[in-house]
Amino acid sequence: MSIQGHFIASTKGRIFVSQFGNSKRDVAVLCLPSIVEELNLSRAVLAKQCQAFAQHGLDSFILDYFGTGDSEGEFEESSFNSWFGDVVSVGEWLQSLGYQKLIVLGVRVGALLLGVNQQKLHAQLPILGQIFWKPITSGKVFASQLIRIKQANQMMSNHSEKVNWRNEILAGNDTEIAGYVITKNFIEEIEAAVISAAIEWQSPVNWLELATQKITPATRKFVEASDVITVHTVHTPAFWQVPEVFDLPELSALGVTITHKLLVEYKWIGE
């Protein structure tokens with residue numbers, strides 16, 4: 001299997017893209033990972049998914065946002081809103097390589113980025129369909145989870161002083177959390193990012209509920225409000241939170257099945 005790396009020019013600097021497969025078919029999968037520690041913990045599972053796509057003749061690409069992964073820049077120099085520009089830059093680069101349609105796969109914050117930019121995404125890129133892995137629908141919830149990591153680390157360090165870290169950051173005091181410098185701008189942007197159940201999805205959505213055997217009430221609101229969402233439950237470990245390497249062939253197989261169905265439905269391949 002062909003695996004390559006590329007640096008692509010984007011708005012703030014060069015961003016790194018991993019490529020799996022080189023079949024040069026008309027459709028490619030563009031994967032948007034989560035961020036901070038979730039990015040590191042889920043990377044191996046996402047790479048396995050991309051290898052599965054490639055083994056079935058579908059080239060796939062994983063984008064590292066500016067300031068994350070192997071891309072240029074530091075995390076504190078990046079911003080949630082600017083990462084959408086990275087998505088567009090890579091999408092346009094893929095079109096220049098000859099891919100006519102894209103299937104986007106968003107992991108956690110990656111899905112949030114796709115959801116809040118739904119209209120712009122489809123206006124600027126030829127999106128055939130979307131796959132979400134345990135999507136975050138409220139950036140405020142994600143920010144709270146991040147700040148709780150700081151609070152837990154402080155307690156484990158036996159610091160008696162109680163600090164409201166959210167207020168501390170919003171006051172302009174950049175704060176290191178799990179190895180990343182979190183800024184006021186980052187908290188403000190991600191807290192403002194919300195996907196409403198009333199959103200008008202612009203292409204079919206395959207919504208994967210992971211680490212559960214049933215659809216949560218919050219997800220059910222989205223499914224009941226739209227006729228383009230197909231929800232799947234996959235009882236995986238919460239691999240984006242656990243520092244172990246997982247091999248999840250059932251998850252990879254589902255991704256292949258979903259993309260194959262999309263390609264057949266839109267007549268990019270035969271039955």
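Student: What should I know before starting?

Tutor: This is a predicted model, in which local features need pLDDT of at least 70, side-chain atom pairs count only at pLDDT 80 or more, and totals for chains, interfaces and linings use all residues. Residues are numbered from 1 along each chain as its sequence is written, and side-chain values use heavy atoms, with hydrogens and water left out.

Student: How is the protein chain divided into domains?

Tutor: Domain bounds come from an automatic or database domain assignment. Here domain 1 covers 3–137 + 196–266, and domain 2 covers 139–192. Taken over C-alpha atoms, the centres of domain 1 and domain 2 are 26 Å apart. Domain 1 puts 16 residues into the contact and domain 2 puts in 12, where contact means heavy atoms within 4.5 Å.

Student: What does buried area tell me about domain 1 and domain 2?

Tutor: Buried area is the accessible area (1.4 Å probe) that two parts lose on being put together, summed over both. Between domain 1 and domain 2 that area is about 1,200 Å², and carbon and sulfur atoms give 69% of this. On the side of domain 1, the residues that lose the most area to domain 2 are V36, F75 and E76, which together make up 38% of what that side buries.

Student: How many salt bridges and polar contacts are there between domain 1 and domain 2?

Tutor: A salt bridge is a side-chain nitrogen of Lys or Arg within 4 Å of a carboxyl oxygen of Asp or Glu. Three residue pairs between domain 1 and domain 2 are in polar contact, both residues being at pLDDT 80 or more.

Student: Which elements give two or more residues to the side of domain 1 that touches domain 2?

Tutor: Helices (H or I, at least four residues) and strands (E, at least two) are DSSP runs, numbered from the N terminus. The elements in question are α1 (36–55), α2 (80–96) and α3 (109–116). Of these, α1 gives the most, with four residues. The residues on that side of domain 1 are eight nonpolar, four polar and four charged. In this count Ala, Val, Leu, Ile, Met, Phe, Trp, Tyr, Cys and Pro are nonpolar, Asp, Glu, Lys and Arg are charged, and the others, Gly among them, are polar.

Student: Is α3 largely enclosed or largely exposed?

Tutor: Buried means under 20% relative accessible area, exposed over 50%, and partly exposed in between (1.4 Å probe, protein chains only). Seven of the eight residues of α3 are buried, so α3 is largely enclosed by the rest of the structure. The buried residues of α3 are V109, G110, A111, L112, L113, L114 and G115.

Student: Where does S10 lie, and what does the side chain of S10 contact?

Tutor: S10 lies in the loop between β1 (3–9) and β2 (14–20), and S10 is buried, with a relative accessible area of 15%. The side chain of S10 makes a polar contact with the side chain of D86 at 2.6 Å. Not counting residues up to four places away in sequence, S10 touches I15, G85, D86 and S89.

Student: How do I read a salt bridge?

Tutor: Side chains of opposite charge can pair when their charged atoms come close. The structure holds six salt bridges. One of them joins the side chains of R108 and E38 (3.1 Å, N to O). R108 is in the loop between β5 (101–107) and α3, while E38 is in helix α1, 70 residues apart. Both R108 and E38 are buried.

Student: Which residue does R43 meet in a salt bridge?

Tutor: The side chain of R43 meets that of D64 (3.2 Å, N to O). R43 lies in helix α1 and D64 in the loop between β4 and α2, so the pair ties together parts 21 residues apart in sequence. R43 counts as partly exposed at 27% relative accessibility, whereas D64 counts as buried at 2%.

Terms used: A polar contact is a pair of N or O atoms within 3.5 Å; within protein, one must be able to donate a hydrogen and the other to accept it, and residues adjacent in sequence count only if both atoms are side-chain atoms.
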